[in-house]
Amino acid sequence: MDEQSENRKPGKVYLVGAGPGDPGLITVRGRYLLERAEVVVYDYLASKQLLKFVPKDAQLVYAGKRGGATHTHTQEEINQMLVDFARAGKTVIRLKGGDPFIFGRGGEELEILAQNQVEFEVVPGVTSASAAATYAGIPITHRDYTATVAFITGHEDPTKAGSNIDWSKIATGIGTIVVYMGIKNLPSIVQNLIVNGRDPKTPVAVVRWASTPEQQSVVGTLETIADIVTEAGIKPPALIVIGEVVNLRSTIDWYEKRPLFGKRAIVTRTREQASELVAGLEEAGASCYECSTINIEPVEDYAILDEALERINEYHWILFTSLNGVKYFFKRLHSKGMDTRDLKGPDIGVVGKSTADVLSQYGINADLIPPLFTSDGLAESLLDQGVEGRNILIPRAREGREMMPETLRGAGAQVTVAPVYKNVPPQGCRDELRAELESGKIDIVTFTSSSTVTNFLAMIDPENLEELEKLMHGVKIAAIGPISAKTVTDSGLEVDIMPEKYTIPAMIQAISDYYKYQ
Ligand code: SAH
């Protein structure tokens, strides 16, 4: 045995339930294991978004298996793969949609592992029946309606002889019935329940892609649901929930009632800053396509800032007009062996609350935040205090606007503009962005600065206004404030939504209100 294989730990397979769709519904244990995976073998129904937790150098294997479509791997191949990876000493995560032991063939895979003396563990997951009911506003049990629930598979054609399901007992012996894999056989399933004595007026809900932004649900009765599903064009994966509890949906439905449910947004922001807006829109129910239109990079030359830092005590004010201005200013300050204590001389003004928050991470409270969160607002607040003969330093983007420095100079201030970072349009993502727009599924595009507008337009690169209007047809535009709004209108497009306060939370609120009150 060589040294390496001697030290090699024995491999192990973790059979992990991925939960029903929303990546937030995996267990803490499941996520912990994904973060330590060497190989992940995942199914069609396991959310792809969970793969972001997997280490970059881990091997990802898509095991496919989708009802109706060609199987990517046979069950035997998957079983063999798990055995082989484990024998090679790997930590293998076998990731399955929902719970691995509920219509997931988890038991079969583990039997093979056991036969081959491969060590394994199982992590349960939120099964899709539970999620579909919950996210459709249906408590699966309720003291006033039922004391029993059955999970059954609809995969078997109930008209065939030799079925494993005793429909005569299920039809009247169980309160709530949840059917997995039942869409194809729905007409015969409902027929069988009715024939075996279940009231044809029993309410039924069908929920597709439960707990994801694509969730779609319809409600009917045993008599009507098959036609309703055909009409709505509902395809697998979907669950059928049958029983009186379905009536509670009219009171309890919460997920589909969120203001942005079913809306898809393009969020144009810098890579570093996208998360707050995306998280807020998703909380309100939207699905987001994050499109980074700007990358923030340091400037090549810090001579102006360096010189200003040498005599920082001669400045009366430092003004920050963006969070990146703060971040890159401090980066440079620290790289010169200086720190926050060197800034005790000048007062510090910021454009708005988010910038003030970042500043406070460096231990500094802003002395001035204008009531209107724009750089013009900041200039005005400063003018109110009088700037005649004051020395003012503005660390900011290389391509910032000249308005504020000029206003201040006009009022007699000495202004030093120090570029500390630059905005550059990122490579790639153009084709994806155009495809999103052309898909016709985009409801809204958000702009959080003037340069996101300019770069967005540069990225989709329309031939002319006509093509631009065609691409943006039916798409609402939200701009964070008047300056980004003006860049939108200058391009020939119109702004539909602009918050009163120019902050991300206000923007999220304005977008939600727009759809709520429409
Ligand atoms: N082990 C899985 C079930 C796998 S069987 C679990 O515990 O959920 C596959 C069936 O599950 C699909 O045909 C569909 O009926 C159901 N299903 C899985 N995910 C679903 C989802 N997000 N929405 C609706 N149905 C889903």
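This is a predicted model: local features need pLDDT of at least 70, side-chain atom pairs count only at pLDDT 80 or more; totals for chains, interfaces and linings use all residues.
**A ligand between two domains**

Good morning. Domain 1 (10-125) and domain 2 (130-256) both contribute residues to the shell around the ligand, so the ligand lies between them.

Besides domain 1 and domain 2, the division gives domain 3 (264-294 + 426-516) and domain 4 (297-424). Between the C-alpha centres of domain 1 and domain 4 the distance is 52 Å.

I turn now to the ligand itself. It is surrounded by 17 residues, the closest being Asp 99, Ile 102, Thr 127, Ser 128 and Ala 238.

In the side chain of Thr 127, an N or O atom is 2.6 Å from a ligand oxygen atom. A nitrogen atom of the ligand is 3.4 Å from a polar backbone atom of Trp 209. The ligand taken alone exposes 540 Å², of which the protein buries 93%.

Finally, the sheet. Five strands form an open sheet in the order E6-E7-E10-E8-E9, and the pairing is mixed. At the edges stand strand E6 (149-153) and strand E9 (216-221); each has a single partner strand, so one side of each is left without a neighbour in the sheet. On average, and with direction ignored, neighbouring strands here are turned by 20° against each other. Strand E7 (residues 176-180) pairs with strand E10 (residues 238-242) in the antiparallel sense over three bridges. Val 179 has Ile 240 in E10 as its bridge partner.

Thank you.

Key:
Residues are numbered from 1 along each chain as its sequence is written. Side-chain values use heavy atoms; hydrogens and water are left out. A residue is near a molecule or strand if one of its heavy atoms lies within 4 Å of it. A polar contact is a pair of N or O atoms within 3.5 Å; within protein, one must be able to donate a hydrogen and the other to accept it, and residues adjacent in sequence count only if both atoms are side-chain atoms. Accessible areas come from the Shrake-Rupley method with a 1.4 Å probe; for residues, only the protein chains shown count as cover. Domain bounds come from an automatic or database domain assignment. Two strands pair if DSSP finds at least two bridges between them. Helices (H or I, at least four residues) and strands (E, at least two) are DSSP runs, numbered from the N terminus. Axes are lines fitted to C-alpha atoms, for helices over the stretch in contact, and angles run from 0 to 180 degrees between N-to-C directions.
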